There are 2 protein chains.
Amino acid sequence: MSIASTPEPPYYVAVITVERAESDDGYFEMAEAMDELARTQPGFLGLEWVYDAGQRAGITSSYWTDAGAIAAWKQNADHLVAQRLGQERWYRAYTVRIARVERDYRWTAD
Amino acid sequence: MSIASTPEPPYYVAVITVERAESDDGYFEMAEAMDELARTQPGFLGLEWVYDAGQRAGITSSYWTDAGAIAAWKQNADHLVAQRLGQERWYRAYTVRIARVERDYRWTAD
């Protein structure tokens, strides 16, 4: 994972926190496909994704120009299929939080 | 990791995305200590933390009543020491984003 390069605030973030079920069947293929599809959506700015296989927990943080872009992505037809499969197969629980980024700062080692 | 139980929006989130350096020396002890300390701070609502050892990448998502609570936590004396050690030892790069949560929703398997 690389840290996403995002513009000056304000912009929006969707933070998705996931508790995974036992099955990995098809999961990483779908996650990769959704990552690629998200990057083609209007208003997409960046995406960061970390998964801990031992804890079966993940956080996805995606960045968007505005809340409407997130709402449109949530309703994307292929994404709706992925969300339904996730509920049936891969997720035990998840929380989605939509937030307006007001400030950010980055530090990089010399 | 468990998904944090947070109140109805609005509240604030600090999303910290980290690219780690090679050294783990003291890192997990400090991360655990900061997790415990954060939970005692005024305005703290919850914290979620996922780390992928293979990718040496992590995302920490912490929740707070307001932006002032995040600013106060950033200036906490012990936390300042941890931040400095992080820059010296454990981090290659990180980005902090402070955002106001406007909407959230949770799904849990039956």
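Let's start with polar contacts across the interface. Between chain B and chain A there are 29 residue pairs in polar contact, both residues at pLDDT 80 or more. A polar contact here is a pair of N or O atoms within 3.5 Å; within protein, one must be able to donate a hydrogen and the other to accept it, and residues adjacent in sequence count only if both atoms are side-chain atoms.

Some ground rules. This is a predicted model: local features need pLDDT of at least 70, side-chain atom pairs count only at pLDDT 80 or more, and totals for chains, interfaces and linings use all residues. Residues are numbered from 1 along each chain as its sequence is written, chains are lettered from A and ligands numbered from 1 in the order in which they are written, and side-chain values use heavy atoms, with hydrogens and water left out.

Back to the interface. Chain B gives 44 residues to the contact, and chain A gives 44 residues. Contact means heavy atoms within 4.5 Å. Between them the chains bury about 4,100 Å², with 56% of it on carbon and sulfur atoms. Buried area is the accessible area (1.4 Å probe) that two parts lose on being put together, summed over both. On the chain B side, B:Arg97, B:Tyr105 and B:Trp107 lose the most area to chain A, together 20% of what that side buries.

Which elements of chain B touch chain A with two or more residues? They are S1, S2, strand S3 (57-64) and S4. S4(B) gives the most, 18 residues. Helices (H or I, at least four residues) and strands (E, at least two) are DSSP runs, numbered from the N terminus.

Next, salt bridges: a side-chain nitrogen of Lys or Arg within 4 Å of a carboxyl oxygen of Asp or Glu. The count over all chains is 10, and between chain B and chain A it is 2. One pair is A:Glu48 with B:Arg97, at 3.4 Å, N to O. That pair crosses between chains, from strand S2 (residues 44-52) of chain A to strand S4 (residues 91-108) of chain B. Are these two residues buried or exposed? Both A:Glu48 and B:Arg97 are buried. Buried means under 20% relative accessible area, exposed over 50%, partly exposed in between (1.4 Å probe, protein chains only).

Within chain A, A:Arg84 pairs with A:Glu88 at 3.9 Å, N to O. Both sit in helix H3 (residues 77-90), 4 residues apart, about one turn of the helix. A:Arg84 is partly exposed at 48%; A:Glu88 is exposed at 56%.

Last, the cores. Nonpolar side chains tend to be buried together in soluble globular proteins. A nonpolar core is a set of buried Ala, Val, Leu, Ile, Met, Phe, Trp, Tyr and Cys residues joined through side-chain atoms within 4.5 Å. The largest has 22 residues, and B:Trp64 and B:Tyr91 touch the most other members. H1(B) gives this core its largest share, 5 residues. A second, separate core has 21 residues, including A:Trp64 and A:Leu85.
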